[in-house]
Amino acid sequence: MHENFEDALALVEKSKLRRHTIQSTGVKYVHYLIAVENYKSAALKAVKYMGQDKKAWEDLIEKFKHAQKLKEISSYVPTGSFRLDQYVYELILDDFLKTDIEGFYGLIKTWSKDLYDFETIVGAVNREVSAALQKLTILNQQLQQSEDYPIVDSDQDSLSKSANIQRYRTAWQQQRLDTAKQLRSMRAALAILYCQEERYEDAIGIYLDLGHEDVFDLIDKYNLYETVLKYIPKLMQLQENRAMKMLIENTDKMPIGVVVKQLEQQMQLQLLYLDKLFEKDHNIAKEHHELQVELYAEYEPKKLLQFLKKSTSYSLKKAYSICKERSYYQEMVFLLDRMGNSKEALTIIVTELRDVDYAIEFSKEKDEDELWQQLVDFSMDKPHFITSLLHNVGSHINPVMIIEKIPSGLEIPDLRDSLVKILQDYKLQISLQEGCKKILVNDMVSLFDKLAKTQRRGFYTDEFTKCPNCQRNLLDQRMDDDIVVFFCRHTYHKDCLPARENEYSCQLCSNAKSYRKRGLKTSRPTMKRI
């Protein structure tokens, strides 16, 4: 009769009894479920029947505690606007901390920090961390001692002891793994607690010690870029790509100079950082370009030449010295050329690189007679150099100069083909010159014909047109004056123009010429009797 609580609750709800309410009956039902050790159902029913009765909730929690079943009720305790006293939540957290560290970690992440006292929980976690560390120390000592156990002979007792030790070792190794896992979870939970209290630097330190990538989310979420400057090397070791992306995108909050300083003991990472910055903006870290030259030379020589070409923020002499120490000849050629020492650059090409094609292209680019002469002189005892010169420089220097300097008796490979090519090139040049000449002549004739037609063309004047000098009408029937017409279309009375050795010039155009201050040929007049 006393076990039929479902019917009793239905009857109370239907009859609305004064002595027995739904809540009081429900509370008795929950306690009955605990008594019969049906803890899951008891926790579930508690939500419905305990309501906001703090005393009832706390009594219930005590019963779950004595039964060592606090985990069953942890998901159902009120955590919203209605709350229990802090010690209740601390009781549950402490139980999880000692028996289920993963569950503790989950509660810390989901429960509000106002539900419990921060110092109390942090103190409990630190005590557990210390205990776990001490346990790990003991286990390591036991494992070390077991490794030193000597097997003197192969009698039965010795073999039995060895087997026992091996079983112990296996058990200790498993305990060490489990303890290390628990320790990691405890410290991760401790980091979350520190974040809730805004002790971000403590949390970052724990995450970095654990090698936990959540540290990057923490930095981004709370804008902790300046806080983590001293941890840059550890961040790089933890997740190089993500750390590099963070550094490149936040140069305003993470100064380049500070980052470079932090990475000075990890020079390859330092180079990677500067290289990424250079890809983003050639000038953003120009004060570090000299350092970058050294780093490229040491760790990424393949990228050095392109960097030298794109940057102008380094000492040419220092860069040349660095390249010379390592015999980076192509880089030396570039730097010598930039410093204006083309002759020495060419010398390195032909003596160290021994690349005749490169030497020819370099000389073509500079197109200096002295460089060509230097290259020809150097090539005279090198038949394959001579062949390449004869094949490639016909339009830049006179091939006859090369041929005349070839020592007597020196065998030149493919000489006939080279000479044939020279003649073909010469014939092509003549043909091009003739073609250009014809085009110029045709253009000249066409333009001269156009000029003649323009100058023969008449222009209109009437009785109202005035002489620019005397301002009288040009066509005045009362006067018998000659008219002077210039090709510029200006018209004067002959008597109004000053004559110099029977030559006339347009006064208007002469004045304009003096204002423009540039030389123009004097317009030649045409004299007409009108």
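Visitor: Among contacts between residues at least 6 apart in sequence, what percentage join residues at least 24 apart?

Guide: This is a predicted model, in which local features need pLDDT of at least 70 and side-chain atom pairs count only at pLDDT 80 or more, while totals for chains, interfaces and linings use all residues. Residues are numbered from 1 along each chain as its sequence is written, and side-chain values use heavy atoms, with hydrogens and water left out. A contact means heavy atoms within 4.5 Å. Among contacts between residues at least 6 apart in sequence, the share that joins residues at least 24 apart is 52%.

Visitor: How many helices and strands does the protein have?

Guide: Helices (H or I, at least four residues) and strands (E, at least two) are DSSP runs, numbered from the N terminus. On that basis, the secondary structure comes to 26 helices and three strands.

Visitor: What percentage of the 530 residues is buried?

Guide: The word buried stands for under 20% relative accessible area, exposed for over 50%, and partly exposed for what lies in between, with a 1.4 Å probe and protein chains only. Of the 530 residues in the protein, the buried ones make up 36%.

Visitor: Which residue forms a salt bridge with Lys54?

Guide: A salt bridge is a side-chain nitrogen of Lys or Arg within 4 Å of a carboxyl oxygen of Asp or Glu, and the structure holds 19 of them. Lys54 lies in helix H4 and its partner in the loop between helix H5 and helix H6, so the pair ties together parts that are 31 residues apart in sequence. With the closest N and O atoms 3.3 Å apart, the partner of Lys54 is Asp85.

Visitor: In which helix do Glu249 and Lys245 both lie?

Guide: The side chains of Glu249 and Lys245 meet in a salt bridge of 2.9 Å, N to O. The two residues are four apart, about one turn of the helix, and that helix, residues 240-249, is H13.

Visitor: Is Asp275 buried or exposed?

Guide: Asp275 meets Lys303 in a salt bridge of 3.2 Å, N to O. Asp275 lies in helix H15 and Lys303 in the loop between H16 and helix H17, so this pair ties together parts that are 28 residues apart in sequence. Lys303 counts as partly exposed at 37% relative accessibility, whereas Asp275, with a relative accessible area of 8%, is buried.

Visitor: Which helix supplies the largest share of the lining of the largest cavity?

Guide: On a 1 Å grid over the protein atoms alone, a cavity is a set of points where a 1.4 Å probe fits but cannot get out, and lining residues have an atom within 4 Å of a point. The count comes to one cavity of 30 Å³ or more, and about 30 Å³ of space lies in the largest cavity, a volume being the space filled by probe spheres set on the points, which are joined across faces, edges and corners. Helix H16 and helix H18 each supply at least two residues of the lining, but the largest share, three residues, comes from H18.

Visitor: Which side chain of opposite charge is nearest to Glu331?

Guide: Glu331 sits in helix H19, residues 329-338, and touches Pro301, Leu304, Leu305, Leu308 and Cys323, not counting residues up to four places away in sequence. For charge, Lys and Arg count as positive and Asp and Glu as negative, with His and the chain ends not counted. Glu331 is buried yet has no salt bridge, and the nearest side chain of opposite charge, 8.9 Å away, is Lys309.

Visitor: In which strand is Thr491?

Guide: Thr491 is buried, with a relative accessible area of 10%. Not counting residues up to four places away in sequence, Thr491 touches residues including Phe459, Pro468 and Val485. The strand that holds Thr491 spans residues 491-493 and is E2.

Notes:
1 Å grid on protein atoms, 1.4 Å probe; cavity = no way out; pocket = protein on both sides within 12 Å on 5 of 7 lines; lining within 4 Å.
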